[in-house]
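Me: I would like to go through one model and test each label against its cut-off. Please show the structure first.

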Amino acid sequence: MRTDYQCLLIEQDGGVLTVTMNRPEKLNAFNDTMLEELTEAVETAAQDETVRCIVITGAGRAFGSGQDLTSFAARTEAHTMKVSEHLTNYHRLVFAIRNAPKPVIAAIQGVAAGISCNIALACDMRIAADNARFIEAFARIGLVPDGGGGFFLPRLVGMGRAMEMSMLADEVSGPEAERIGLVNKCVPLAEFESTTKAFAQRLAKGPTRTYALIKELIYKSVESDLPTTLRLEGELQDKAFETVDHREGVTAFLQKRPTQYTGH
Ligand code: LHQ
């Protein structure tokens with residue numbers, strides 16, 4: 001993995017790669033460079049067999065404040081590009097996260113607003129600190145949720161709450177986000193780093209190939225019907241049965257010892 005990014009910090013600890021968005025003076029608002037770098041980092045980590053879990057987080061007091069409005073306003077006023085064209089860059093990031101054959105976790109402390117919030121929702125799981133503030137900020141400036149928000153929000157929290165978050169654009173706190181299923185876990189800020197680390201390390205020591213198959217099963221199922229999903233389940237289980245980690249799991253059980261998954 002390259003580590004010489006302008007707007008990212010990269011750290012690998014065993015199988016866990018932590019990618020930290022690093023524009024703290026702008027609350028990690030996305031400019032073109034940070035978006036391009038984050039996408040490249042996730043795409044590269046997705047291919048790197050030494051990386052078995054990716055954590056996306058933010059430096060300073062925020063996860064992210066959405067699109068950098070200072071740089072974008074100048075561009076839209078000059079009519080140099082349509083917003084939808086710009087959004088395709090975010091879509092590449094969304095697909096990189098969803099298609100990565102390994103778990104991708106968002107670790108959120110402080111504010112996660114606008115498209116930063118929705119990038120967190122694109123991840124497979126989310127851990128929040130109790131100071132987290134989730135804001136679908138778009139309607140505050142007369143916009144619709146983008147970056148996949150219209151897809152992820154109703155699937156995570158249901159139609160009614162998705163509407164409320166999108167229309168009123170009020171803040172949802174970390175504890176409330178846990179209560180409504182927007183995040184998997186909310187912990188006190190003092191425990192945020194250690195909890196994220198333990199969660200990610202546990203995933204990085206899991207049966208990585210099988211996790212990729214689980215991602216495929218779960219994500220395809222929400223856009224599919226029962227017969228199709230059951231067919232897919234069979235296909236994926238055939239593949240899972242062939243993995244080294246499946247054999248290791250059964251052997252460890254029979255030998256009454258902890259598993260040692262290699263991710264193969
Ligand atoms: C910022 C930003 C920011 C620049 C804080 N940009 N500087 C996609 C594609 C195309 C077009 C448009 O949109 C999109 C999707 C989107 O993401 S739309 C939503 C964009 N984001 C927002 O509307 C949120 C704007 N920010 C805020 O409402 C507040 O800053 C929040 C609620 C995030 C945080 O509030 P505070 O904790 O009170 O912090 P602050 O407002 O004092 O911000 C600290 C600094 O960060 C400040 O700079 P300064 O020089 O005054 O210290 C802000 O100007 C800067 N900043 N967000 N998105």
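This is a predicted model: local features need pLDDT of at least 70, side-chain atom pairs count only at pLDDT 80 or more; totals for chains, interfaces and linings use all residues.

Me: How many disulfides does the structure hold, and what makes a cysteine pair a disulfide?

Reply: It holds zero disulfides. A disulfide is a covalent bond between the sulfur atoms of two cysteines. The test here is a pair of cysteine sulfur atoms within 2.5 Å. For Cys7, the closest cysteine sulfur is that of Cys123, at 18 Å, so it is too far for a bond. For Cys186, the closest is in Cys117, at 14 Å, again too far for a bond.

Me: Are Cys7 and Cys186 called buried or exposed, and why?

Reply: Buried means under 20% relative accessible area, exposed over 50%, and partly exposed in between (1.4 Å probe, protein chains only). Cys7 has 6% relative accessibility, so it counts as buried. Cys186 has 16%, so it counts as buried too.

Me: Which residues come nearest to the ligand?

Reply: They are Arg61, Ser65, Gln67, Leu69 and Ile115, out of 23 residues around the ligand. A residue is near a molecule or strand if one of its heavy atoms lies within 4 Å of it.

Me: Which elements supply the shell around the ligand, and how do its residues divide?

Reply: Helix H2 (69–77), helix H3 (83–99), helix H4 (114–122) and strand S8 (133–135) each supply at least two residues. H3 gives the largest share, three residues. Helices (H or I, at least four residues) and strands (E, at least two) are DSSP runs, numbered from the N terminus. The shell has 12 nonpolar, five polar and six charged residues. Ala, Val, Leu, Ile, Met, Phe, Trp, Tyr, Cys and Pro count as nonpolar, Asp, Glu, Lys and Arg as charged, and the others, Gly among them, as polar.

Me: What makes Asp68 and Arg23 a salt bridge?

Reply: A salt bridge is a side-chain nitrogen of Lys or Arg within 4 Å of a carboxyl oxygen of Asp or Glu. Here N to O is 2.9 Å, so the pair qualifies. The partners are 45 residues apart: Asp68 sits in the loop between strand S4 (62–64) and H2, Arg23 in the loop between strand S2 (16–21) and helix H1 (32–47). Asp68 has 3% relative accessible area and is therefore buried. Arg23, at 10%, is buried as well. A search of the whole structure finds 11 salt bridges.

Me: Why do Arg92 and Glu36 also count as a salt bridge?

Reply: Their side chains meet at 3.6 Å, N to O, so they pass the cut-off. Arg92 is in helix H3 and Glu36 in helix H1, 56 residues apart. Arg92 is at 36% relative accessibility, so it counts as partly exposed. Glu36, at 41%, is partly exposed too.

Me: How do you know that Glu248 is buried, and what does its side chain contact?

Reply: Glu248 is at 14% relative accessibility, so it counts as buried. Its place is in helix H11. The Glu248 side chain makes a polar contact with the side chain of Arg257, at 2.8 Å. A polar atom of the Glu248 side chain also lies 2.7 Å from the backbone nitrogen of Gln260.

Definitions and conventions
Residues are numbered from 1 along each chain as its sequence is written. Side-chain values use heavy atoms; hydrogens and water are left out. A polar contact is a pair of N or O atoms within 3.5 Å; within protein, one must be able to donate a hydrogen and the other to accept it, and residues adjacent in sequence count only if both atoms are side-chain atoms.
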